[in-house]
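Let's go through a few of the labels on this structure and ask what backs each one up. Keep the viewer open.

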Amino acid sequence: MSRATIALVDRHGRVHHRLYAKTLWGRPVAATLEPYLRAIEIMLAYASAEGFHVCGLGVSVPGSLDSSLRRPLLVPTLPALNGFPLCDLLEARYCLPTQLHVDVDAAVVGEYRFGAGKGFRRLLFLSVNAVVGAAFLVDGKLEPSAQQYVGHVCHITVSANGSRCSCGKRGCINTLVSIDAMQKMVQRALRRGEETSLSQRLSNREYFSPRLLAEEALQGDSVALQVYSELGRWLAAATARYISIFDPNIFILAGSVLDPSDLLLTQLRTALIAHSSTQVGTTIEVVPALLASDAALIGMAVPFLASDVRRSARPTVPLADVVHAEQDDQPRQAGDVLDDVYPVQADVVNQQTHRRKSYQRRIG
Ligand SMILES: [Zn+2]
């Protein structure tokens, strides 16, 4: 099940409270947004009850934004949101400044302020999940040239002979180190008739996942080890290219491919040392992300902390932001928290209506 996370983040980058809202596929925009809005309202009520002053809403989307940065431009998983004035809607509804971000951009900002990138000037961030996402940050600011689809860091050609990418080119890192790429490497080994305990696990209806692959690699399965070694080589080739283009001080790796163990990171570091003729591997640090799947949630709160917008009239009350991240694919047990607290919604809506009216009076 895919879902969004709604979190209350404080000024120190701590997540105080989180809720989950179901992602409804293929619905019109109102139906798509309804579970998210309901969760935001529940979170605002919680924040108010706990004495937090909420100073803004941050929303991240897995896709791209329009040039005003106030509307999603292309969200492949939720096309109903493409071109929708999301910031305008949320600002009018909740009377709170709202910022929209691409998920990987929010994550690198989170890592820069509170995670592995603290104190580094030039950060390159790569997240490897179902697809690869990348972002580049200089002095805390996103590098705008890296934002667009083609020409984006993930679509720099790493192997001229690689398979064709969704962008139309061959050999982008997206086609070489994603979960999809890992799965294809395993399938090729199975077709070659190589012996592997993976075949038994997959024929037992287990789903392919990085965790399954890592478990087998740690048991010494030769095919699983081979996949990690190949991934490490591609990642090192890509990293070498990125280093020559972006000259980062730190390279942060995140994503579900890395979660189960440090296998890929170890492979990458080994392969980078092999590139030592170009001095790669000795000049920058290659580290795993510290904030894991919370990086984007925390990163969305950062712009509000920097500008300290709408400072509370009561300075003793802790400052907090409600942030809302799209498309959390990780299975969690607490997915039905929303249903437990749903009865408070009627009151919240009344409060929101009242606030909306007073806001309209103020701006009118
Ligand atoms: Zn591409």
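Q: Which residue is the bridge partner of L123 in β10?
A: It's I250. Keep in mind that this is a predicted model.

Q: What makes β7 and β10 count as paired strands?
A: Pairing takes at least two bridges found by DSSP. Strand β7 (residues 122-128) and strand β10 (residues 250-254) have 5 bridges, in the parallel sense, so they pass that cut-off.

Q: Where does helix α3 pack?
A: Helix α3 (residues 103-114) sits on the sheet and touches β7, β8 (132-138), β9 and β10. Its direction makes about 50 degrees with that of β8.

Q: Why are β9 and β11 called edge strands?
A: The open sheet has 5 strands in the order β9-β8-β7-β10-β11, with mixed pairing. β9 (141-142) and β11 (285-288) each have a single partner strand, so one side of each has no neighbour in the sheet.

Q: Which residues make the contact between α5 and α8?
A: From α5 there are M182, M185, V186 and A189, and from α8 there are V223, Q226, V227, E230 and L231. They divide into 7 nonpolar, 1 polar and 1 charged.

Terms used: Residues numbered from 1 in each chain as written. Predicted model: local features only at pLDDT ≥ 70, side-chain atom pairs only at ≥ 80, totals over all residues. Helix = DSSP H or I, 4+ residues; strand = E, 2+ residues; numbered from the N terminus. Contact = placed C-beta atoms within 7 Å. Axes fitted to C-alpha atoms, helices over the stretch in contact; angles between N-to-C directions. Nonpolar A, V, L, I, M, F, W, Y, C, P; charged D, E, K, R; others polar.
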